[in-house]
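Here's a quick briefing for anyone opening this one up for the first time. Have a look around, then read on.

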Amino acid sequence: MTAAAARALERLAERGETLAVAESLTGGLVAAELTSVPGASRSFRGSVTAYATALKSEVLGVDGTLLVERGAVDPEVARQMAAGVRRALGADWGLSTTGVAGPEPQDGQPVGTVHIAVAGPSGVEKVTTLRLNGSRADIRRESVRSVLGLLVSELGGNARAQDTEQIGGN
C-alpha cells in the first residue's frame, strides 16, 4: 500500500499542492499510510478522524440534515467530508472515507459498504462506492488502498496499474 501513498505524495510535491484527509471507518489508517512515507510533510497537512457522526457536521461541515436523513454512510456525506477537510485544514486536496467495517450493519447499510471521495482544485470532486467483503481489518485496509488509488488517479498518476482488481471488492 505504501507505493500508492508514495506515488500520491510524489505527484502532490511535483505540483506544489497539499492534502488533508477526513476519516471515519478507517480511523486514521489513511493518515498513517501517508505519514509512513519519508518526506510526507512536504504535502500532507493533516487529518481529522471524525468517527462520531456529530463531528462530521461540527468539524467538517457536513450538512446536519443530510446526516439525520441518510446517516453517515452515504456518498454525499463522503463528498462533503472531503470538501470540508480540504477547507478546514487549508489543503488543495481532500480525501474522505466513510462506511461500515462491521461487525454490524450501520445506518441501514450492510457491512462492507464504503464511500470514498476526493475533492480538489478547480471543482474536482469524485465519489466512489465500494462493496467489500472480508473481515473488519480487510474492509478497512481495502478502503485505504482504494482512496489512495482514487487520489493518484485524479492527480494523473497510476496506482499500481490502477489497481483495478480489488481484493474481496466490488
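How far apart are R145 and E142 in helix α6? They sit three residues apart, which means that about one helical turn separates them. Keep in mind that this is a predicted model. Below is a short tour of helix packing, salt bridges and some backbone spots worth a look.

**How two helices pack**

- Two packed helices are described by the angle between their axes and the distance between the axes.
- Here, the pair to look at is helix α1, covering residues 2-15, and helix α6, covering residues 136-154. Their axes are 9 Å apart and the helices pack at an angle of about 30 degrees.
- Angles under 35 degrees count as roughly parallel, so α1 is roughly parallel to α6.
- As for handedness, α1 and α6 make a left-handed crossing.
- On the α1 side, the contact is made by A4, A5, R7, A8 and L12.

**Salt bridges**

- Side chains of opposite charge can pair when their charged atoms come close.
- Searching the whole structure turns up eight salt bridges.
- One of them pairs R145 with E142, whose closest N and O atoms are 2.5 Å apart. Are these two residues buried or exposed? Both R145 and E142 are buried.
- Another joins the side chains of R79 and E76, at 2.6 Å from N to O. Both residues belong to helix α5 (residues 75-89), where they are three residues apart, about one turn of the helix.
- R79 is partly exposed, because its relative accessibility is 24%. E76 also counts as partly exposed, at 23%.
- The side chain of R79 meets that of E125 in a salt bridge too, with an N to O distance of 2.9 Å. E125 lies in strand β5 (residues 125-131) and R79 in helix α5, so this pair ties together parts that are 46 residues apart in sequence.
- E125 has a relative accessible area of 40%, so this residue is partly exposed.

**Backbone spots to check out**

- Most residues other than glycine have a negative phi, and most peptide bonds are trans.
- Which residues does a cis peptide bond join? The bond runs between G102 and P103, and its omega is about 20 degrees. You'll find P103 in the loop between β3 (93-99) and β4.
- D107 is in the loop between β3 and β4. Its phi is positive, near 50 degrees, and D107 isn't a glycine. With a relative accessibility of 36%, D107 is partly exposed.
- S122 has a positive phi as well, near 55 degrees, and is likewise a residue other than glycine. Look for S122 in the loop between β4 (113-119) and β5.
- How accessible is S122? Its relative accessible area is 79%, so S122 counts as exposed.
- While you're at S122, find D92 too: the two are 30 residues apart along the chain, and their C-alpha atoms are separated by 9.7 Å.

Definitions and conventions:
Residues are numbered from 1 along each chain as its sequence is written. This is a predicted model: local features need pLDDT of at least 70, side-chain atom pairs count only at pLDDT 80 or more; totals for chains, interfaces and linings use all residues. Side-chain values use heavy atoms; hydrogens and water are left out. Axes are lines fitted to C-alpha atoms, for helices over the stretch in contact, and angles run from 0 to 180 degrees between N-to-C directions. Helices (H or I, at least four residues) and strands (E, at least two) are DSSP runs, numbered from the N terminus. Angles under 35 degrees count as roughly parallel, over 145 as roughly antiparallel, 65 to 115 as roughly perpendicular and the rest as oblique. A crossing is left-handed if the near helix is turned anticlockwise from the far one by less than a right angle, and right-handed if clockwise. Contact means heavy atoms within 4.5 Å. A salt bridge is a side-chain nitrogen of Lys or Arg within 4 Å of a carboxyl oxygen of Asp or Glu. Buried means under 20% relative accessible area, exposed over 50%, partly exposed in between (1.4 Å probe, protein chains only).
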